[in-house]
Every structure is written in C-alpha cells, then in structure tokens.
Amino acid sequence: MPTNLSLSALAHICGGAVYGSSDPLISCVASAEKAGANAITFAVDSRRAAALLGTAANAVIAREVDIALTGIECGIVHPDPYFAYAKIAQAFAPRARANPGIHPSAVVEPSAQVDPTAEIGPLVYIAPQVRISAGVRVHAGARIGRSASVGEGTELFPNVVMYPATHLGARCIVHAGVVIGADGFGFAPHQGTWEKIPQTGGVRIGDDVEIGANTAIDRGAMDDTVIGDGVKMDNQIQIGHNCHIGDHTVIAGCVGVAGSTIIGKRCMIGGAAMISGHIKIADGVVISGGTFVSDDISESGRYTGVFPTVAHRAWLKMAARVRKLSKA
Amino acid sequence: MPTNLSLSALAHICGGAVYGSSDPLISCVASAEKAGANAITFAVDSRRAAALLGTAANAVIAREVDIALTGIECGIVHPDPYFAYAKIAQAFAPRARANPGIHPSAVVEPSAQVDPTAEIGPLVYIAPQVRISAGVRVHAGARIGRSASVGEGTELFPNVVMYPATHLGARCIVHAGVVIGADGFGFAPHQGTWEKIPQTGGVRIGDDVEIGANTAIDRGAMDDTVIGDGVKMDNQIQIGHNCHIGDHTVIAGCVGVAGSTIIGKRCMIGGAAMISGHIKIADGVVISGGTFVSDDISESGRYTGVFPTVAHRAWLKMAARVRKLSKA
Amino acid sequence: MPTNLSLSALAHICGGAVYGSSDPLISCVASAEKAGANAITFAVDSRRAAALLGTAANAVIAREVDIALTGIECGIVHPDPYFAYAKIAQAFAPRARANPGIHPSAVVEPSAQVDPTAEIGPLVYIAPQVRISAGVRVHAGARIGRSASVGEGTELFPNVVMYPATHLGARCIVHAGVVIGADGFGFAPHQGTWEKIPQTGGVRIGDDVEIGANTAIDRGAMDDTVIGDGVKMDNQIQIGHNCHIGDHTVIAGCVGVAGSTIIGKRCMIGGAAMISGHIKIADGVVISGGTFVSDDISESGRYTGVFPTVAHRAWLKMAARVRKLSKA
C-alpha cells in the first residue's frame with residue numbers, strides 16, 4: 001500500500017489539474033475535521049468549500065469555481081470532486097489482492113475447480129463442481145453450493161452463502177451474511193394449506209456488482225433471477241424470485257423487491273422502499289426512500305409516497321382526518 | 001431424479017384428467033417462453049391460456065374452460081392449474097434426501113443424539129443434548145445450540161443458527177442465515193439506562209414450516225414464541241418474542257412482527273407489513289403489503305394502510321396538504 | 001444457577017420491601033398463567049394486578065397501591081415492578097460465564113491476543129492482531145477480522161462477523177448473524193456507472209451495548225461509525241456508515257438509519273422506523289414505529305408519520321382522495 005503520493009500523481013490518477021505552485025507529498029484522504037498536515041480533503045460544492053476554512057489539510061479537491069473559496073494553497077481542480085475523491089481514495093486504499101491458496105481448515109470437494117491464484121479462507125466450504133476463477137477471495141466461513149461459479153477477482157466476505165447453481169460475475173464484492181439463491185417464496189394454496197412450488201431457476205449476477213451485508217437474493221421459480229452489471233445494493237435488501245434488476249441500478253438499504261418485478265437500468269431506489277411483485281419500472285426511475293410502489297412506472301423521474309412525519313399529537317389529528325376521507 | 005414422465009402419469013400425480021389423444025413423455029415444467037418440445041407449461045386463467053399461443057411446449061395444464069384457448073393439443077385439465085403445476089414440478093424436482101452420516105469436519109458433542117439416517121454437513125456445530133431426528137439434513141456451517149431439537153425430515157440450509165432450547169418440527173425447511181431463538185428485545189428502563197430482562201422462554205416451531213433466508217425468530221421472555229404448523233415465511237422477517245403465528249399463515253418478505261402479538265390461522269401478511277406488539281389479529285385476515293398495523297383486527301377480511309405513490313412534485317403538494325390536516 | 005431464593009433475598013436483590021408475613025422460597029419468575037406454586041409473578045399497574053386473581057403464583061411483585069389487589073398473600077413492594085422483575089429474573093437466570101479456552105476446531109492466528117479467561121468456541125476464526133479481553137465468549141462460527149478488538153465480558157453469538165478494525169466495548173451482547181463493519185454504501189456517479197469510495201473508517205461500539213440478530217452496522221467512509229454506551233438494538237437493523245447513536249438509545253426491530261445521521265442520547269426508535277441520511281435527531285426523541293423521518297428533529301418529544309390502516313375498500317376511497325390532494 002503506497003504511503004505517499006505527490007499531488008501531481010494524484011491529479012493524474014483522477015484526471016484533474018494541479019492547482020497552486022507546490023507539489024506536496026500526500027499521505028491520505030481525510031475529512032476536513034480529521035485531516036492532518038499531509039492529507040488531502042475535498043469539497044463538492046461552494047458551501048462545502050467555504051466550510052473548509054481552518055482545516056489542517058494541506059491540499060483540496062474542488063471545482064474550479066470553488067477552489068479559491070477553500071483557502072487552501074494547493075490542490076486538484078476537477079469538475080466532479082466527489083468522483084475525484086473516489087479515485088484518489090482508491091489509490092490510498094487499494095483493495096487487497098488474493099493471497100493464493102486454500103486454508104488447511106477449508107473443505108473443498110475434489111470436483112470443485114479452484115483457480116490456483118484464488119484465496120480460499122479458513123473454514124470455508126466449497127461443494128462439488130463449483131468453479132472459482134482467478135484472483136477470487138473467499139473469506140472465512142463462506143459456503144458455496146454445488147455447481148455455483150464465481151467470476152474473476154470477486155470477493156466474498158465471511159459467512160456468505162451461495163446456494164447451488166448460482167453465478168457471480170467478475171469483480172463483485174459480496175458482504176458478510178449475504179444469501180444468494182435461497183428458494184423463492186412460491187406456494188400454491190390448496191384446501192387451506194400451502195403446496196410448495198419447487199424453485200428450480202438459478203441466480204445470475206453480472207460483473208462489478210456489490211451486495212451489502214445480510215442481503216438476500218432468491219433463486220427463480222423456473223427461470224433465473226437476474227442482477228445486471230454494475231448494480232450496487234446496500235445491506236438488508238430482499239430480492240424476490242425472478243426479479244430482473246437493470247445494469248447500474250443502485251438500491252439503498254432495507255429495500256424489498258417482491259417476485260417477478262423488473263427494474264430498469266440506472267434506477268435509484270431509496271432506502272426502505274418496498275416494491276410489489278410482477279410490476280415493471282422503467283429505466284432511470286428514482287424512488288424516494290420509504291415509498292411503497294405497487295404499480296408499473298413507465299416513465300423516468302422521481303416518485304414518492306411517504307406519509308409526512310409530525311409531532312405525535314398533530315399526527316393523531318391528521319390521521320383521524322385522513323381516516324375520515326374513507327367515509328362519506 | 002426422473003427424467004421423463006408420461007402425461008398420464010403426471011395427471012395421476014396432480015389429480016387431473018388427460019386432455020387430447022396422445023400420451024407424450026414430458027421431461028420438465030417450463031415457462032411458456034423457455035419451454036422446449038418435451039416440456040409442460042400451465043395457464044391459471046383464460047388470459048394466460050390465450051397468451052400461450054406460439055409456445056414450444058407440447059403439453060399444458062389448464063382449467064377445462066381454458067384448455068382449448070391454449071392451442072396446445074394435449075395436456076392436463078385441472079380445476080386449479082397452479083396447484084397441479086406445484087405437484088408436477090415436485091415430481092420433476094423432488095427434494096434431495098439425506099445422505100446419512102456426519103461429515104468429518106463437523107463438531108458434534110458426544111451427548112447430542114443424531115439419528116443415523118440424518119446428514120450432518122461440513123463444519124456444522126451441534127451442541128450437547130441436541131436431538132436430530134431421522135432424515136434431517138443440516139448443511140454446512142449450521143449451529144444448533146444446547147438441548148435444541150430438529151424433527152424428522154427437516155432441512156437446515158448453511159449457516160442457520162438455532163439457539164439453545166429451540167424446537168423445530170418435522171419436514172420444515174429453514175433457509176440460510178436464519179436465526180431461531182435469539183433473545184427477545186426486553187429491557188426495563190431504570191434511571192436513564194436499560195436493565196436486561198433475561199429471555200428464558202423458548203421457540204416452538206410446528207411441522208411443515210418454511211422460513212426464508214436471514215429471517216429471525218426470537219425466543220420468549222418467560223413463555224415460548226410459537227409458530228404453528230404449515231406456516232410459510234419469506235426472507236428477512238423479524239418475529240418478536242412471545243408471538244404466536246397461527247397454522248398455515250403466510251408472511252411475505254421484510255415483515256416485522258413486534259413482541260407478544262398473536263396472529264390467527266390462515267392469515268396472509270403482505271411484504272414489508274409491520275405489525276405492532278401486544279395486538280391480536282383474527283383468523284383469515286389479509287394485510288396488504290407495506291401496511292403498518294397498530295391495533296387489534298378482530299374480523300377476517302383485507303386491511304390496508306399505505307400512502308399512495310405519485311410523482312415527486314405531486315407528492316410535495318399532497319404531503320403539504322396532508323400536513324395541514326393536522327392544524328386548524 | 002440458584003434453584004431457590006427466599007422472598008427476602010429477592011427483595012434485597014431488587015431493592016424492594018417484603019410484603020406479607022411469610023418468607024417463602026421462590027424457584028422462578030413466571031407469567032400469571034404459567035406460574036406454579038413456587039413462582040413469583042408481577043404486575044406493573046392496577047389493571048394487571050387485578051388480573052392476577054386465580055394465579056397459582058405464591059408471590060408477586062407490585063407497587064404498594066396495587067399489591068392488595070392481586071389477592072396474593074406475600075410478595076415484594078417496589079415502585080417499579082418491571083425493573084424489579086428484571087433484577088429478580090437475572091438472579092434466577094444469570095448469564096453463563098466463559099468456559100476458558102480455545103476449542104480445537106477454532107482457527108486463531110498466532111498474532112491474535114486472546115485472554116486466557118476467554119472462551120473461543122468451535123469453528124471460530126480469529127484473524128491476526130485481534131485482541132480478545134478477559135471473560136469474552138465467542139460462540140461457534142463467529143469471524144473476527146484483523147486488528148478488531150472485543151472488550152471484557154462481551155459475548156458474541158454464533159456466526160457473528162466483525163470486519164477488520166472494528167471495536168466492541170465491554171459487556172456487550174451481540175446476537176447471531178450480526179455483521180459489524182461491512183463497507184458503507186458509498187459510490188460516486190460517473191458517466192452512468194458508480195465508482196466505489198473505499199470505506200476506510202472503522203466502527204466503535206461502546207460498553208453494555210446489545211445488538212439483535214442479523215443486524216448490520218457499517219464501517220465509516222473516512223471517520224468511524226459510533227455506537228454509544230448502553231445502546232440497545234433489536235434484530236434486522238441497518239446502521240449506515242458514519243452514523244452516531246447516542247448513549248442509552250433503544251432501537252426496535254427492522255429500523256434503518258441511513259449514513260451520517262446523528263441520533264441523540266436516550267432516544268427511542270420504534271420498530272420499522274426509517275431514518276434518512278445526514279440528519280440530526282436531538283436527545284430524548286421518540287419516533288413511533290413505521291415512521292419515515294427525513295428531516296432534522298431538534299426538540300425532544302414523540303414524532304409520528306404512518307398512514308392509518310383501515311379495511312381495504314375504505315382504503316381505496318381514502319387513497320383516491322389523498323391522491324386528489326396532489327392536484328387542483
């Protein structure tokens with residue numbers, strides 16, 4: 001891991017331009033409050049730039065219009081400081097590479113194919129016919145079911161569970177406790193009880209997908225559940241069977257998507273939004289946090305449906321009046 | 001696993017009648033789009049029957065009134081095609097039976113009683129005094145606490161955790177990451193801090209229960225938390241301490257049920273519904289998805305409480321007007 | 001574990017006064033319905049006291065004004081019977097102490113420092129440079145990442161995951177499936193895709209914190225995520241990166257708190273409440289269950305925002321009228 005990078009090297013990394021007359025060595029990215037003398041910080045807009053006055057950081061990333069406002073003598077001018085910050089932070093904290101080999105406490109079935117450059121951690125279980133590609137990291141206690149596959153450079157954090165016949169693309173990051181490919185929730189009512197419908201589809205997850213802790217993605221009933229390339233999912237999300245999530249859609253924490261729903265590309269689903277089953281959401285749709293979506297959305301744009309929060313006494317009155325709307 | 005079954009054999013399995021003059025061999029159930037020549041597909045109603053035109057499936061399951069609409073020459077007539085599909089799909093994808101024995105990497109305490117026909121997978125831990133019945137399958141990494149018991153034919157997927165003194169009935173399916181019997185959320189306020197109330201009750205789960213991935217069912221405070229026979233729960237559900245869930249109730253994903261609530265038999269709880277503690281819901285109640293239930297429901301029927309979703313600009317206006325209802 | 005304690009000993013334990021002329025031996029705390037002859041039960045108010053008539057319990061905990069109502073001849077008078085019950089229940093069910101030593105199936109890296117009084121259970125993984133303090137209990141299958149630390153007397157239930165550089169205080173209880181320190185959800189949009197922002201902050205959790213099953217607490221982006229002393233969290237909670245939760249705040253199940261939100265001390269967050277990112281909630285705020293909080297709350301008090309639940313037909317009318325509020 002590099003300990004010091006020159007400002008000009010960082011400007012090169014993020015595609016920005018050096019500002020100021022010196023080219024100091026930078027040792028880390030830091031928030032304005034925590035920055036020490038060799039840190040670079042950043043300001044995404046004019047308000048944040050002005051708020052940097054007094055920081056100890058000796059360099060800043062800002063837009064051209066904002067950089068003078070920061071009062072910091074040198075830095076990097078970039079039209080998108082947040083993106084530049086992401087690239088620079090990556091340079092200071094590159095993802096660890098696989099430490100090739102299989103830990104002696106792991107259980108790997110003989111018919112599994114594990115690339116010799118992959119890292120299989122302690123107490124992992126890898127079932128028969130699994131394929132693990134080059135550079136994959138599987139951390140302690142992950143379980144990979146029969147005939148599943150993991151693409152190049154993907155990282156599975158501790159205790160991830162992949163059910164049989166589920167497939168992860170390349171360069172994915174799957175956080176602890178994620179469950180991929182459990183049975184979808186399918187039952188046929190029959191004389192007051194529920195008959196299980198075997199869930200024989202799989203799960204296909206594209207490249208560059210990140211999946212947050214304790215998220216669950218169910219396998220399809222007959223066909224597959226599909227997660228597109230570049231999808232980013234936060235923690236505690238539930239994706240029902242046979243959903244399709246379009247490329248580069250982001251989904252915040254605690255969202256539930258019921259079965260057979262199709263979400264377009266480049267959508268943004270706010271935290272705790274809940275999306276009904278068997279509906280279709282167009283590309284580029286933004287769903288506000290806490291919104292319950294029960295119908296198709298065919299046009300891009302932002303959609304919202306949350307009850308406004310007020311002091312509890314005011315709510316009692318409001319709720320009573322709303323309830324009245326159901327009568328007369 | 002059978003590779004081919006005759007149409008007449010399938011009709012027998014689901015209790016339907018053969019339609020058409022031939023008795024072809026069928027190799028799988030498939031959706032209309034994915035069906036190949038030896039597949040059987042199904043239509044639950046007239047609209048779906050009409051939509052099957054052009055499928056490659058050479059047999060169909062449909063109601064008597066719909067079967068001619070499908071344009072498929074042979075099939076199975078059944079008054080409930082979805083149930084018939086479930087039974088036929090089970091015939092093509094029967095659940096795997098236990099492969100008896102204890103994996104050498106599992107840790108099983110000497111005082112645990114494991115039936116010789118049970119399968120204990122890799123890296124499993126089974127604590128003292130546990131009882132594992134005949135035909136049980138415990139997959140990799142599951143943890144079964146002291147004095148817990150698992151009924152005949154039940155299957156525990158990877159990394160399931162059963163706390164001490166929790167009990168699962170027969171033929172249950174418990175998906176990966178499920179936690180049964182963690183402490184209920186009980187604290188007594190005292191001088192600005194919270195005093196823990198020991199949770200000394202257990203969890204009793206009936207027969208034929210299915211529990212989805214990463215669901216948590218807490219143990220009772222003094223008495224037990226009880227899940228009835230035939231209850232089906234989806235992923236990411238939270239069941240608080242001392243809840244009772246009646247037989248054959250189904251609960252969709254992301255539902256939370258707070259402590260000491262009693263839900264009747266044959267209820268249907270929609271996804272992301274949230275149910276307050278210490279309330280009672282009658283048999284046969286249907287709760288719509290996203291609904292927050294804070295009072296008793298004493299009559300069967302469907303209940304709903306979600307704010308309608310609209311375009312964000314319209315919502316701003318709507319929310320402002322709703323907020324006004326709290327004043328004047 | 002004590003099997004019998006005299007009424008006077010129990011009164012001493014909870015700081016109450018003996019009522020009645022006898023001093024019986026008590027063997028357990030029990031609910032009114034389940035209590036046998038040697039049990040003590042309790043009543044928090046007059047209504048509950050009156051409801052105890054007919055219980056088999058031979059002692060009761062109640063307020064002075066209520067104790068005669070119970071019809072039970074002896075008991076403990078305490079101004080806060082629920083707190084007294086907590087203390088007495090703890091006396092009958094003390095938490096088990098660590099059984100010192102490292103299970104032979106655990107994998108503990110040589111550079112980890114494990115106090116000799118700590119208990120490391122079966123199939124646990126402890127990474128390099130971890131510090132485990134005195135009296136800690138780590139149950140089966142927990143994973144503790146590099147340079148993490150666990151304070152004195154803390155208990156980690158099965159399959160808990162601590163990521164690297166996360167820190168738990170003393171006397172915490174962390175339930176099964178909890179994930180501490182997964183990456184926060186941080187991505188910079190860039191030309192239609194999402195650039196990952198390395199999450200290099202940690203997680204610091206105070207003393208006497210309890211965390212419910214399958215809850216996830218993300219690590220900070222640059223600075224730490226911080227959970228104060230005495231915080232109690234239920235199951236299935238999501239805490240985003242860089243949140244600060246004030247001391248002695250309680251959070252019920254299924255709550256989500258988005259990133260960088262600061263919640264004050266001694267707040268009470270109801271089940272399934274959802275709290276937006278980058279907001280600030282004052283000390284002593286009570287959020288009702290199911291409420292979506294999207295703005296700062298600067299004064300203590302109770303706040304609510306849930307749509308009232310009604311029969312579905314009534315809801316259809318209500319929702320249509322609410323939707324109309326967005327027009328005209």
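The model is a predicted one, in which local features need a pLDDT of at least 70 and side-chain atom pairs count only at pLDDT 80 or more, whereas totals for chains, interfaces and linings use all residues; side-chain values rest on heavy atoms, with hydrogens and water left out. Residues are numbered from 1 along each chain as its sequence is written, while chains are lettered from A and ligands numbered from 1 in the order in which they are written. β22(B) pairs with β23(B) in the antiparallel sense over four bridges, where strands (E, at least two residues) and helices (H or I, at least four) are DSSP runs numbered from the N terminus, and pairing requires that DSSP finds at least two bridges between two strands. Thr193(B), also in β23(B), has His190(B) opposite. The two strands form a hairpin with two residues between them, and in this turn Gln191(B) has a positive phi of about 50 degrees.

**The interface of chain B and chain C buries about 4,800 Å².** Buried area is the accessible area, taken with a 1.4 Å probe, that two parts lose on being put together, summed over both; carbon and sulfur atoms give 64% of the area here. On the side of chain B, the residues that lose the most area to chain C are Phe185(B), Trp194(B) and Met222(B), which together make up 14% of what that side buries. The contact (heavy atoms within 4.5 Å) takes 58 residues from chain B and 63 residues from chain C.

**Lys196(B) and Glu210(C) form a salt bridge between chain B and chain C.** The closest N and O atoms of this pair are 2.9 Å apart, and a salt bridge is counted when a side-chain nitrogen of Lys or Arg lies within 4 Å of a carboxyl oxygen of Asp or Glu. By this rule, three salt bridges are found across the interface of chain B and chain C. The elements giving two or more residues to the side of chain B that touches chain C include β22 (187-190), β23 (193-196) and α4 (312-324) of chain B, and α4(B) provides the largest share, with five residues.

**Strand β39 of chain B pairs with strand β40 (residues 310-311) of chain C.** The pairing is antiparallel and runs over two bridges, with Ala311(C) in β40(C) as the bridge partner of Tyr303(B).

**Lys87(B) and Glu195(A) form a salt bridge whose closest N and O atoms are 3.3 Å apart.** The pair crosses between chains, from helix α3 (residues 81-92) of chain B to strand β23 (residues 193-196) of chain A. Over all chains, the count comes to 30 salt bridges.

**Phe307(B) is the residue of chain B that comes closest to the rotation axis, with its C-alpha at 3.5 Å.** Chain B is superposed on chain C by a rotation of 120 degrees with 0.0 Å of shift along its axis, at an RMSD of 0.0 Å, which is the relation of a three-fold axis. Such superpositions are made by least squares on the C-alpha atoms of residues with pLDDT of at least 70 in both copies. Chain C can likewise be laid on chain A by a turn of 120 degrees and a shift of 0.0 Å along the axis, with an RMSD of 0.0 Å.
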